[in-house]
Structure formats: C-alpha cells, structure tokens
Amino acid sequence: MPRRSILLLAGACIVIAACLAIVTMVVVTGRERAALPAQTTSTGQPLVGGDFQLVNQDGQAVDQTILNGKWSLVFFGFTYCPEFCPTTLAEMAAIQQRLGDKAEDVQFVFVSIDPERDTPQLMKDYLSSDGFPNGTIGLTGSPEQVAQAARAYRAFYEKVGEGEGYTMNHSLAVYLMGPDGKFRTALSYDLGPDKATKIVEQTMARG
C-alpha cells in the first residue's frame, strides 16, 4: 500500500477513535447524572427538600420545621419492607454509634411511603425494634401528604401487586439535611457505615 494511503488510513482511524471516546464519555456522564438522587438549579441549589405536612409516630401533626436545629438523616421506606429498609435503618444505627458525642446533634427520620398500612402506632412499634437508631422519628400521613413529601425530596416509590400482600418499590438514598433544614448530600445504599459516617462527619464540619 502506498505511504500516502497508509497515512490517510491511520489518520482516519485516529479520528474514529477520538469520536468513539467522546461518545463513550457522554454516555457514561449521562448515566452518572441519572444515578444522582437530585438535580440542581442553574444557581447550584439542590432541588431536594421543602414543605411537607405529615404525622409523627405519636399522632402529632408535624411539618418541615422538625428538621430545624439539628442535622437530619432522612430515609423514605415502609415497615413491611423485607430487606432494604431494615438494613438501612441498621446502618443508620451504626452511624449513630460511630458518631459518638456528635450523634447528639443528629436526628434520624423515617418517612413511610406506604400510608395505607403504616399507621402512627405501627410506625412507633416498628421503630422501637432493637438495632434501629435510638429516637428515630417516624412520619406518615395521608397518601396525598406522603406523595407531596416524596416529591419534595425527589424520592421515587410505587405500589407493586394487589391485595394484602402488595409491596413497594422505592429509592434507597438517605438524605443528609443541615440544621437549617436544607439539603447537604445524599448517602447511597451501598456505602457501608464507615464510609457513610465519614461523609456525615465531613459534612457537619463544613456546616
């Protein structure tokens, strides 16, 4: 093959490889963004959190102001959850233990996405189980109230099945909210208590 043809072929291969690399980077970036628990506005403010009206495990009406004054780890789940919810709550208990004295400034909030079954009393009984964080605040409400709270936190959930044996699909992120009630970061399900505690401590240090 003439030298000129070889050079042209090599140049074409380089261009094709560069294009493929760019396409791959765009696809990977898109997937990473899709995996994020929240989007942000053009000003960089996260679109997570906001107004809600719910009922705690003592039957008292509460709103978003219960997050004020303390760091809060907020998780959306349901008491009939067979695996992910109890595992997450157990890891939150491990975070509470690892935080030591800092845990006094942190509250744990469990929001039900199954208001049909999760009454305040059921939430209270469930959260009193050994292995869950001490003093966890359980929140439930009407289907409309729960839907509003989930929308505010960009938390996904859906009912699967019919009858008494139905279950719920839902997102697994734990939201770390600051003492001002605003979103700071999210903890993914697979972090583990050691890494999650480190993130919480670092975020608290930044304020």
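**Helix packing and aromatic pairs in a predicted model**

Mentor: In this predicted model, helix α2 (residues 84–99) packs against helix α5 (residues 193–206) at an angle of about 55°, and their axes are 9 Å apart.

Trainee: Is α2 parallel or oblique to α5, then?

Mentor: That angle makes α2 oblique to α5.

Trainee: And which hand does the crossing have?

Mentor: The crossing of α2 past α5 is right-handed.

Trainee: Which residues in α2 meet α5?

Mentor: From α2 they are Glu91, Ala94, Ile95, Arg98 and Leu99. Their partners in α5 are Pro193, Asp194, Ala196, Thr197, Val200 and Glu201.

Trainee: How does that contact divide by class?

Mentor: The contact of α2 with α5 has 6 nonpolar, 1 polar and 4 charged residues.

Trainee: Changing topic: how many aromatic pairs are there in the whole structure?

Mentor: A search of the whole structure gives 8 aromatic pairs. One involves Tyr175 and Phe183, whose ring centres are 6.4 Å apart. Their planes stand at 65°, which is over the 60 degrees required, so the pair is edge-to-face.

Trainee: Are those two buried or exposed?

Mentor: Tyr175 and Phe183 are both buried.

Trainee: Which residues form an aromatic cluster?

Mentor: Phe75, Phe110, Tyr126 and Phe132 form one.

Trainee: What about the overall secondary structure?

Mentor: The protein has 5 helices and 9 strands. From the N terminus, the order is α-β-β-β-α-β-α-β-α-β-β-β-β-α.

Trainee: And what share of the residues is buried?

Mentor: Of the 207 residues in the protein, 36% are buried. As for contacts between residues at least 6 apart in sequence, 69% join residues at least 24 apart.

Methods:
Residues numbered from 1 in each chain as written. Predicted model: local features only at pLDDT ≥ 70, side-chain atom pairs only at ≥ 80, totals over all residues. Heavy atoms only, no water. Axes fitted to C-alpha atoms, helices over the stretch in contact; angles between N-to-C directions. Helix = DSSP H or I, 4+ residues; strand = E, 2+ residues; numbered from the N terminus. Parallel < 35°, antiparallel > 145°, perpendicular 65-115°, else oblique. Left-handed = near helix turned anticlockwise from the far one by under 90°. Contact = heavy atoms within 4.5 Å. Nonpolar A, V, L, I, M, F, W, Y, C, P; charged D, E, K, R; others polar. Phe/Tyr/Trp six-rings, centres within 6.5 Å; stacked < 30°, edge-to-face > 60°. Buried < 20%, exposed > 50% of the residue type's maximum accessible area, 1.4 Å probe, protein only.
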